[in-house]
Amino acid sequence: MSSMNRRRLLFSGSAAAVGVGAGLMTGSATAAPAGAGAVTVTPDDARYGDLISGLNQRWVAAPERIALPTTTRQVVELVQDAVDRDKRISIRGGGHCFEDFVFHSEVEVVINMSRMNGVSFDEERRAFAVEGGATLLHVYETLYEGWGVTIPGGACYSVGVGGHVSGGGYGMLSRAHGLTVDHLDAVEVVVVDDTGRARSVVAGRDPSDPHHDLFWAHTGAGGGNFGVITKYWFRTPGSDGPDPGGLLPRPPAEVFVTMASWPWEDVSKAGFVGLLEFYGSWLERHKDVTSPYKDMCVWLMPNHQSAGDIALIAQLDATVPDAPRLLTDFLTGLNRALGVSDTPGVPERTGGTHRSAYATTQRLPWLRATRYVGTVSPTQTDPNMRGKHKSAYHRRPFTRQQIEAVYEHLTRSPQNARIAGLVIPSAGGRISEVDPAATAVAQRDSIMKVTYETYWYDESDDAANIAWVRGVYADVYAGTGGVPVPDGRTDGCYVNYPDSDLGDPRYNRSSVPWHDLYFKGNYRRLQEVKRRWDPHDVFRHRQSVRT
């Protein structure tokens, strides 16, 4: 396999979000029993098979209907109809949920938000309105082409905003601009009150807003907890003025995008240990906004040996002072840590490419780079795979013992997997400048987020692949009960990479419950919001907020 082909396998799009993704409906629409104009798809419809699962083909449902609304009013009517008939609801923003929170055996009505995908500027609110079924690349293209702005969301092109934003939202620009929720101004949610009446509520960032608690809950608690998110409004706190282009971050005009891959045959155990030690110490040194690297995002991907390579993707604002040297120094440090020889470099002109033995760096306009990074990997575009994921926030680098545990699992016998391994994105920067209680995202001072994942095709390989992920995760966090408990080194788990094992005492042997791994001290406040806004627990899944 060529080096470039290997690279195309390795970026796994782990910025995906809870319960979201995208689907486009074609053909004629039939009116729903509740909500004129909403499409209803039932089991006798040819479209049914395309709408009963998401990205992860482990989870397939058999609902009585899938409803695809186009307005908030239709959503209200659909929810009311389901409540009146005592039907179990789930909400699909697009389909990237890693667990069975959307598609499961109990769901009877799926509300698929994919047709509510508008992006516009709301003159009255002086904020950018994004409907709950929009997908990330569509949002990026519309905001940038129309106003030259963006939100610092995830890399995977087809993730839906509905769950991605509500879970916090992290991406390539987050070190420079924070999380997506740090730019959230308001949210519209269809809720069900204690009398069983469905209605829409707009909740804003202003603490004096009587619905502010509902807004706060949507800044990191994840999707499917409180209601159906029909719209978000974005405006950076403190921004003002008549020009909409000044109300959200402006991405860099050009970026360097580096994709590196080191073939496993060139990597010794000592080199692997050195790589992860260098990467962890580098992230720790450059975790603050004072770092010259605050405008660089890095994803290190130690893949299983059967994948062929250890991979990395880095994106750096090409307009910052001394950007070529900064990127070259970082890549040189990685190679030295691995004990390999290479001469990395960067192209001088827009659209140019520099290739070395292990790395390819392109200088691209920002939107082209965003499209490229978001669609380059089959794990982001292949609709036929099955998967299992686990996550961890790290405040400190991996210990030597943890690195050796990872190495052992990555170099064992070949896996029956499309790809298996870790994804280790950089954190820090402006993410860390927000108080842990200001949003529902409690993990603010981590230096990296770690995903343990595997993708495969055949159901017969489920047990082996799930066991592999569970095994490496248990060994890395063996000292804290098999999970990354909040302490001086680790800080729990990312709700947008959900893991139902966290609630199972066979896999979580710590004294920290699953909800505190996700939300820490913020969980108690989330329970209060749940009691107020969803008193009958209409919106629920295996790891939804409990009353």
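Which side chain meets that of Glu 141 in a salt bridge? I will come back to that pair in a moment, after a word on conventions. What we have here is a predicted model, in which local features need pLDDT of at least 70 and side-chain atom pairs count only at pLDDT 80 or more, while totals for chains, interfaces and linings use all residues. Residues are numbered from 1 along each chain as its sequence is written, and side-chain values use heavy atoms, with hydrogens and water left out.

The partner of Glu 141 is Arg 371, with 2.9 Å from N to O, where a salt bridge is a side-chain nitrogen of Lys or Arg within 4 Å of a carboxyl oxygen of Asp or Glu. This pair links distant parts of the chain, since Glu 141 sits in helix H3 (residues 136-147) and Arg 371 in helix H9 (residues 366-375), 230 residues apart; helices here are DSSP runs of H or I with at least four residues, strands are runs of E with at least two, and both are numbered from the N terminus. Glu 141 is partly exposed at a relative accessible area of 22%, and Arg 371 is partly exposed too, at 32%, given that buried means under 20%, exposed over 50% and partly exposed in between, with a 1.4 Å probe and protein chains only.

The structure holds 41 salt bridges, and another of them joins the side chains of Glu 99 and Lys 388, again at 2.9 Å from N to O. Glu 99 lies in the loop between strand E3 (89-92) and strand E4 (109-112), whereas Lys 388 belongs to strand E15, so the pair ties together parts that are 289 residues apart in sequence. Both Glu 99 and Lys 388 are buried.

Let me turn to helix H12, residues 462-476, whose 15 residues reach 22 Å from first C-alpha to last, close to the 21 Å expected, the expected span being 1.5 Å times one less than the number of residues. Its buried residues include Trp 468 and Tyr 473, and what covers the buried residues of H12 includes strand E15 (386-394) and helix H11 (400-410), contact meaning heavy atoms within 4.5 Å.

Helix H8, residues 323-338, has 16 residues and reaches 23 Å, close to the 22 Å expected. Among its buried residues are Leu 326, Phe 330 and Leu 334, and the cover over the buried residues of H8 includes helix H7 (269-285) and strand E10 (254-263). After H8 comes Gly 339, whose phi is positive, near 80°.
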